[in-house]
Amino acid sequence: MKKEERKIIKTKIIRQLKRLESEIEELKELCKPIAPENAIGRVSRMDAINNKSVNEASLRMALKKQYQLNKSLKNIDSSSFGICTRCKKEIPIGRLMVMPESETCVSCN
């Protein structure tokens, strides 16, 4: 992988991490417990509980992606970055541009 390509990917990772940080904060707010003393109807409470579950799943996915992006950012300057962990072939630059956290090529995914 060329030095310029690594620089572009590094910039993408940093941008995605900044966006994820604010998204994670919003999701944490949405995942707070619903106080039983709130005077909302039974159906509204069920809807709020359902929305909380969806937001918790989104939060887990966002935290996982944040972890993967941080791992990629840490390893971006290593010779193994951009190499598939399974087949040991180079991951196409297009895939890394879209998913910089990728550790495998499309064939091995």
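## Charge and surface

The protein chain carries 23 positive and 14 negative side chains. The centres of these two sets lie 6 Å apart. The model is a predicted one.

The protein chain exposes about 7,800 Å². Carbon and sulfur atoms supply 54% of that area. Buried residues account for 27% of the 109 residues in the protein chain.

## Fold and overall shape

The protein chain has 3 helices and 0 strands. Along the sequence, the pattern reads α-α-α.

The C-alpha trace spans about 60 × 25 × 20 Å along its principal axes. The radius of gyration of the protein chain is 19 Å, whereas a compact globule of 109 residues would come near 13 Å.

How much of the contact set with a separation of 6 or more comes from residues 24 or more positions apart? The share is 58% in the protein chain.

## Helix H1

Helix H1 covers residues 3-30, which makes 28 residues. From its first C-alpha to its last, H1 reaches 41 Å. That is close to the 40 Å expected at 1.5 Å a residue.

Which residues of H1 are buried? They are Arg6, Ile9, Ile13, Gln16, Leu17, Leu20, Ile24 and Leu27. An α-helix has 3.6 residues a turn, so residues three or four places apart point the same way.

Helix H2 runs over residues 42-75, and Ile49 is found in it. Is Ile49 buried or partly exposed? Ile49 counts as partly exposed because its relative accessibility is 42%. That value falls between the 20% limit for buried and the 50% limit for exposed. Cys31 is 18 residues away from Ile49 along the chain. The C-alpha atoms of Ile49 and Cys31 are separated by 9.4 Å.

Tyr67 is also found in helix H2. Its relative accessibility is 58%, so Tyr67 counts as exposed. The cut-off for exposed is over 50%. Glu101 lies 34 residues from Tyr67 along the chain. Their C-alpha atoms are separated by 9.2 Å.

Conventions
Residues are numbered from 1 along each chain as its sequence is written. This is a predicted model: local features need pLDDT of at least 70, side-chain atom pairs count only at pLDDT 80 or more; totals for chains, interfaces and linings use all residues. Side-chain values use heavy atoms; hydrogens and water are left out. Helices (H or I, at least four residues) and strands (E, at least two) are DSSP runs, numbered from the N terminus. The expected span of a helix is 1.5 Å times one less than its number of residues. Buried means under 20% relative accessible area, exposed over 50%, partly exposed in between (1.4 Å probe, protein chains only). The radius of gyration is taken over C-alpha atoms; the globule rule is 2.2 Å times the number of residues to the power 0.38. Contact means heavy atoms within 4.5 Å. Accessible areas come from the Shrake-Rupley method with a 1.4 Å probe; for residues, only the protein chains shown count as cover. Lys and Arg count as positive and Asp and Glu as negative; His and the chain ends are not counted. The place of a charge is taken as NZ of Lys, CZ of Arg, CG of Asp or CD of Glu.
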